Amino acid sequence: VRNPSVMYRIDHVLFIDDDGWLWDSDISGKTPVWKKKYELGRTRTNGCFVLLPDGRVAIVGGSGVPANEEDLKDAVRTISVWDPDTDDMVIGPSQELARLYHSTALIMPNGSVLSQGGGAPGPLTNRNGQVYLPNYFYSGLERPIIVSCPRNVATDDSFVIEVDDASAVDRVTVTKSGASTHARNFDTRWLELEFKILNDGEVRVFTEGKNTMIPGLWMINTINGLGVPSAASLFGLDMAPL
């Protein structure tokens, strides 16, 4: 099976089946509980899921035919963005090139999505990439700014970030750096963290335990009340000093 999957919330895995249905698998209990979420109409063989800083999920690349990675006419070039909180799906622009077998897609610190690679085997050998800019790039609103963030952070702890305007901070989210290959991104996570405003320019952020917030490189974003995320700052979690 080469359909994309990703853990998009704690104990919740997103998956696309061969018929183009988006499924949620709740793995919090002894037996997974599956629930249909949205009908895409076509599958996404060898596509990728990307977790956006606001918690939405971008669906990038892949073939609309199960187990087919070599026919360009079946490539799905449009990027779709699913909102887990509302189950709404927004159909975005089309990529110039097909992204099929051996393609990858990752979230970048500025909030854009890098879609790259594909081929070997395949109809295209793509030694190139494209960048998708989600709608918060076009809101016309100023993005919040994280002025500084510690380079190293511990689990089950807290740390202080400096921001341009603490009163504008409505949410604080973190995204684990991805390792996307063969339609899977096992390494990434997305969490919304508790926080406390200390003064006009400082916010204390509380980390989760290491079973939830796994060690490694993470990106942190602040999001204002209009849903616009900042560019991310990076920090190492339970890592050697960076």
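Two strands are taken to pair if DSSP finds at least two bridges between them. In this predicted model, strand β2 (residues 12-16) and strand β3 (residues 21-26) are joined by five bridges and run antiparallel.

**Sheet β1 to β4**

- Strands of a sheet pair through backbone hydrogen bonds, in either a parallel or an antiparallel manner.
- Four strands form an open sheet in the order β1-β2-β3-β4, and their pairing is antiparallel.
- The edges of this sheet are β1 (5-9) and β4, each of which pairs on one side only.
- From one strand to the next, the twist averages 30°.
- Within the β2 and β3 pairing, which comprises five bridges, L14 stands opposite D24 of β3.

**Salt bridges**

- Side chains of opposite charge can pair when their charged atoms come close.
- The model contains six salt bridges, counted with a cut-off of 4 Å between a side-chain nitrogen of Lys or Arg and a carboxyl oxygen of Asp or Glu.

*D87 and K37*

- One of the salt bridges is formed by D87 and K37, whose closest N and O atoms are 3.7 Å apart.
- This pair links distant parts of the chain, 50 residues apart: D87 is in the loop between β7 (78-83) and β8 (88-94), and K37 is in strand β4 (residues 33-39).
- D87 has a relative accessible area of 26% and is therefore partly exposed.
- K37 is buried, because its relative accessible area of 18% falls under the 20% limit.

*K176 and D187*

- K176 and D187 form a further salt bridge through their side chains, with an N to O distance of 2.9 Å.
- K176 is buried at a relative accessible area of 3%, whereas D187 is partly exposed at 29%.

*D71, K73 and D74*

- A network of salt bridges links D71, K73 and D74.
- Within this group, D71 forms a salt bridge with K73, and the closest N and O atoms are 3.7 Å apart.
- D71 counts as partly exposed at 27% relative accessibility.
- K73 counts as exposed, because its relative accessibility of 64% is over the 50% limit.

**Cysteines**

- Zero disulfides are found in a search of the whole structure, the criterion being a pair of cysteine sulfur atoms within 2.5 Å.
- C48 is buried, with a relative accessibility of 2%.
- C149 has a relative accessible area of 17%, which is under 20%, so this residue also counts as buried.

**Nonpolar surface patch**

- L217, L234, M239 and L242 make a nonpolar surface patch of about 310 Å².
- M239, one of these residues, lies in the segment after β20 (233-237).

Methods. Residues are numbered from 1 along each chain as its sequence is written. This is a predicted model: local features need pLDDT of at least 70, side-chain atom pairs count only at pLDDT 80 or more; totals for chains, interfaces and linings use all residues. Side-chain values use heavy atoms; hydrogens and water are left out. Helices (H or I, at least four residues) and strands (E, at least two) are DSSP runs, numbered from the N terminus. Buried means under 20% relative accessible area, exposed over 50%, partly exposed in between (1.4 Å probe, protein chains only). Patches are made of residues with over 30% relative accessible area and no salt bridge: like charges are joined within 9 Å, nonpolar side chains (Val, Leu, Ile, Met, Phe, Trp, Tyr) within 5 Å. Accessible areas come from the Shrake-Rupley method with a 1.4 Å probe; for residues, only the protein chains shown count as cover. Axes are lines fitted to C-alpha atoms, for helices over the stretch in contact, and angles run from 0 to 180 degrees between N-to-C directions.
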